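I keep these notes while I look things up in a structure. Each entry records what I looked for and what I found.

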Amino acid sequence: MKFFWIIPFFLLQDSEAFLMKNAKLKLCLQASLMNGNLLLEDCNPESDFQDWSWQGDSLMNHGTQSCLSVVGANRVQTSLCGSAGYTTWDCSNSLLSPLGSSQGFLVANRKGVALNNVGGLKAQWQDVADRSVCEQKAAEAEQDRYFPAALTSTRVYDHTAGNATLALGMDQEELEELLWFFRREDPSAWNYSILALSFVAMILGLLLLAVNIVRNRKRKIHMYREALQTAQEAELEAKQALMPVQEYSLAEQEPVPRDQRSGEVMVQWKDGTVTSLYTERSEDAI
């Protein structure tokens with residue numbers, strides 16, 4: 001059952017990125033990958049270098065994987081999270097200020113951003129929907145409070161040992177290690193596996209298609225041969241049926257008298273004599 005809580009937890013973790021737009025200049029805070037400098041550029045939701053998220057009280061840039069930090073008196077740039085220049089931030093009424101310090105607020109200027117005691121719109125930071133970044137922090141805090149409670153809601157208390165263990169037999173350290181594994185696991189192996197399975201499925205589909213085409217062609221050839229053989233047999237039977245009729249008709253025909261010539265009409269009289277209807281006249285008689 002723990003996996004049913006872990007999956008939505010990490011899905012929501014990936015949806016916390018937001019843009020930091022200055023309320024006065026209408027430009028977004030963008031981190032630089034080379035030197036850690038901060039710039040104010042046109043807002044681009046597709047840019048990872050303009051995506052920020054709250055990690056507790058720290059602001060992390062998704063493009064550089066570094067945190068917003070204070071360097072020197074009032075200079076602000078990005079540095080490795082957890083390093084010496086690592087800074088936590090207090091957020092109130094859209095104003096960002098270093099936590100536990102009175103250095104001022106994060107203010108936008110022509111060169112970028114810096115710390116200044118002057119408030120106003122230049123010190124207010126919003127997302128693309130004109131909501132305060134402090135609302136994002138409040139939502140993050142609520143989420144961090146809700147999901148760990150959901151993950152550990154099935155644990156029971158061991159009075160003899162004096163520590164909390166999960167009902168499934170996992171202690172808190174094992175749970176944290178499992179959460180770290182799901183957070184850091186490289187999905188490349190899974191992606192390559194899905195790609196290989198897709199390729200095998202495509203090859204299998206093409207093979208089945210070729211087999212089906214060959215079988216259909218053989219079936220059509222077989223049906224054509226059967227139809228041709230049936231037609232030949234029917235024609236042979238028709239010829240065999242006509243042969244006796246022709247022989248019988250030829251046998252019944254009376255022989256033509258030898259002295260009868262073609263074109264001559266013979267008449268049989270009542271007394272039985274047979275004479276030609278037209279007698280041939282000689283040329284002398286004519």
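Which residue of β5 stands opposite glutamine 55? I looked it up and found serine 58.

**Entry 1: ground rules.** I am working with a predicted model, where local features need pLDDT of at least 70, side-chain atom pairs count only at pLDDT 80 or more, and totals for chains, interfaces and linings use all residues. I number residues from 1 along each chain as its sequence is written, and side-chain values use heavy atoms, with hydrogens and water left out.

**Entry 2: the whole chain.** I found four helices and 16 strands in the chain. Helices (H or I, at least four residues) and strands (E, at least two) are DSSP runs, numbered from the N terminus. Of the 286 residues, 26% count as buried. Buried means under 20% relative accessible area, exposed means over 50%, and partly exposed lies in between, with a 1.4 Å probe and protein chains only. I noted an accessible surface of about 20,800 Å² for the chain, with 57% of it belonging to carbon and sulfur atoms. This area comes from the Shrake-Rupley method with a 1.4 Å probe; for residues, only the protein chains shown count as cover. I also looked at contacts (heavy atoms within 4.5 Å). Among those between residues at least 6 apart in sequence, 46% join residues at least 24 apart.

**Entry 3: β5 and its two partners.** I count two strands as paired if DSSP finds at least two bridges between them. Strand β4 (residues 52-55) pairs with β5 in the antiparallel sense over four bridges. Opposite asparagine 61 of β5 I found tryptophan 52. The two strands make a hairpin with two residues between them, and glycine 56 in that turn has a positive phi of about 75°.

On to the next strand. β5 also pairs with β6 (residues 66-71), again in the antiparallel sense, here over two bridges. Methionine 60 has cysteine 67 in β6 as its bridge partner. Four residues lie between β5 and β6 in their hairpin, where glutamine 65 in the turn has a positive phi of about 55°.

Are the faces of β5 covered or open? Both are covered: Ser58 and Met60 on one side are buried, and so are Leu59 and Asn61 on the other.

**Entry 4: serine 53.** I moved to serine 53, in strand β4. Serine 53 counts as buried because its relative accessible area is 1%. Leaving out residues up to four places away in sequence, I found that serine 53 touches Glu16, Ala17, Phe18, Ser58, Leu59, Met60 and His62.

**Entry 5: rings.** I then followed lysine 137. Its charged end sits over the ring of tryptophan 54, 4.9 Å from the ring centre. The test is that NZ of Lys or CZ of Arg is within 6 Å of the ring centre and within 35 degrees of the ring normal.

**Entry 6: the nonpolar core.** A nonpolar core is a set of buried Ala, Val, Leu, Ile, Met, Phe, Trp, Tyr and Cys residues joined through side-chain atoms within 4.5 Å. Which members of the largest core touch the most other members? In this core of 22 residues they are Met20, Trp52, Trp89, Leu96, Leu106 and Trp125. Among the elements that give two or more residues to this core are β4, β6, β8 (89-92) and α2 (133-151). In soluble globular proteins, nonpolar side chains tend to be buried together.

**Entry 7: two residues in one loop.** Most residues other than glycine have a negative phi. Asparagine 93 is not a glycine, yet I read a positive phi of about 55°. It lies in the loop between β8 and β9 (95-98). Serine 94, also not a glycine, has a positive phi of about 70°, and its place is in the loop between β8 and β9. Are they buried or exposed? Asparagine 93 counts as exposed because its relative accessibility is 65%, whereas serine 94 counts as buried at 10%.

**Entry 8: glutamate 41.** Last, I looked at glutamate 41 in strand β3. At 34% relative accessibility, glutamate 41 counts as partly exposed. Not counting residues up to four places away in sequence, glutamate 41 touches Leu27, Cys28, Gln30 and Gln50.
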